[in-house]
Amino acid sequence: MTPDELKIRLEALGPDTQVEVDDLTGTQNHYQATIESSVFEGKSMIQQHQMVYALVKEEMASNEVHALSLKTSVPKKG
Amino acid sequence: MMNDQTKTKIESFISSKPVVLFMKGSPEFPMCGFSAKVVELLASTGMDRNQLASLDVLEDPEVREGIKEFSSWPTLPQLYVKGQFIGGCDIVMDLAEKGELSDLVSEFK
């Protein structure tokens, strides 16, 4: 899975989703994603991460994506 | 799909100790950077090592897959405190940074 593919996949979370993807090892299977989206509003960190992992469930199960470290947040208002 | 036997094994292991860690390798010989990080963070809280139970999923492929379904969390390590899923390496690191990890395990010092 290429960084761009991952970015597009994660942007599907919601219209105002901002995604930054870093390929940690250059092998396109150890990623860090920094995601800001209003869909995370009112959700615990675990729930936020579970929402993200659900989008790449097959790739993680097949180990195509071996590690996906997440930094999730809600956009600041005003 | 996970069979009942694996599910029961996971459930009983989670309730075997107040702090439970499904990881790759063991606390003494972690076999993955993320697992090693969580072990290190738990140790830095000063919690009593006897209150921690860890399971090496590399030696138990059924639990290795079953635990992901059990917590609907796709990766390892996975930390549980008093039977409740806390999270993986990211979340444990975030809790540690905020000082919340030691609060979580403070009664087990």
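The chat below goes through the two chains, their contact and a few single residues.

Biologist: Before we start, what kind of model is it, and how are things numbered?

Modeller: This is a predicted model, where local features need pLDDT of at least 70, side-chain atom pairs count only at pLDDT 80 or more, and totals for chains, interfaces and linings use all residues. Residues are numbered from 1 along each chain as its sequence is written, chains are lettered from A and ligands numbered from 1 in the order in which they are written, and side-chain values use heavy atoms, with hydrogens and water left out.

Biologist: Thanks! How many helices and strands does chain A have?

Modeller: Chain A has three helices and three strands, in the order α-β-β-α-α-β from the N terminus. Helices here are DSSP runs of H or I with at least four residues, and strands are runs of E with at least two, numbered from the N terminus.

Biologist: And what is the radius of gyration of chain A?

Modeller: For 78 residues a compact globule would have a radius of gyration near 12 Å, and chain A agrees because its value is 12 Å. That radius is taken over C-alpha atoms, and the globule rule is 2.2 Å times the number of residues to the power 0.38. The C-alpha atoms of chain A fill a box of roughly 40 × 20 × 20 Å along the principal axes.

Biologist: How much of chain A is buried?

Modeller: Buried residues are 36% of the 78 in chain A. Buried means under 20% relative accessible area, exposed means over 50%, and partly exposed is in between (1.4 Å probe, protein chains only).

Biologist: What about charges in chain A?

Modeller: Chain A carries 7 positive and 12 negative side chains, and the centres of these two sets are 8 Å apart. Lys and Arg count as positive, Asp and Glu as negative, while His and the chain ends are not counted. Each charge is placed at NZ of Lys, CZ of Arg, CG of Asp or CD of Glu.

Biologist: Okay, on to chain B. What is its order of elements?

Modeller: Chain B runs α-β-α-β-α-β-β-α-α from the N terminus, with five helices and four strands. Its C-alpha trace spans about 35 × 25 × 25 Å along the principal axes. With 109 residues, a compact globule would be near 13 Å in radius of gyration, and chain B agrees at 13 Å. Buried residues make up 48% of chain B. Its 11 positive and 17 negative side chains have centres 1 Å apart.

Biologist: Which residues does Met60(A) touch?

Modeller: Leaving out residues up to four places away in sequence, Met60(A) touches Tyr53(A), Val65(A), His66(A), Leu68(A), Pro74(B) and Thr75(B). Met60(A) sits in helix H3 (residues 57-61) of chain A and is buried, at 6% relative accessible area.

Biologist: Changing topic, which peptide bond is cis?

Modeller: The bond from Leu76(B) to Pro77(B) is cis, with omega near 5 degrees. Pro77(B) is in the loop between helix H3 (61-70) and strand E3 (78-81) of chain B. Most residues other than glycine have a negative phi, and most peptide bonds are trans.

Biologist: Then where does Ser72(B) lie, and what is its phi?

Modeller: Ser72(B) lies in the loop between H3 and E3 of chain B, and its phi is positive, near 40 degrees. Ser72(B) counts as partly exposed because its relative accessibility is 49%.

Biologist: And Lys82(B), buried or exposed?

Modeller: Lys82(B) is exposed, at 53% relative accessible area. Lys82(B) is in the loop between E3 and strand E4 (84-87) of chain B, and has a positive phi of about 50 degrees although it is not a glycine.

Notes
Contact = heavy atoms within 4.5 Å.
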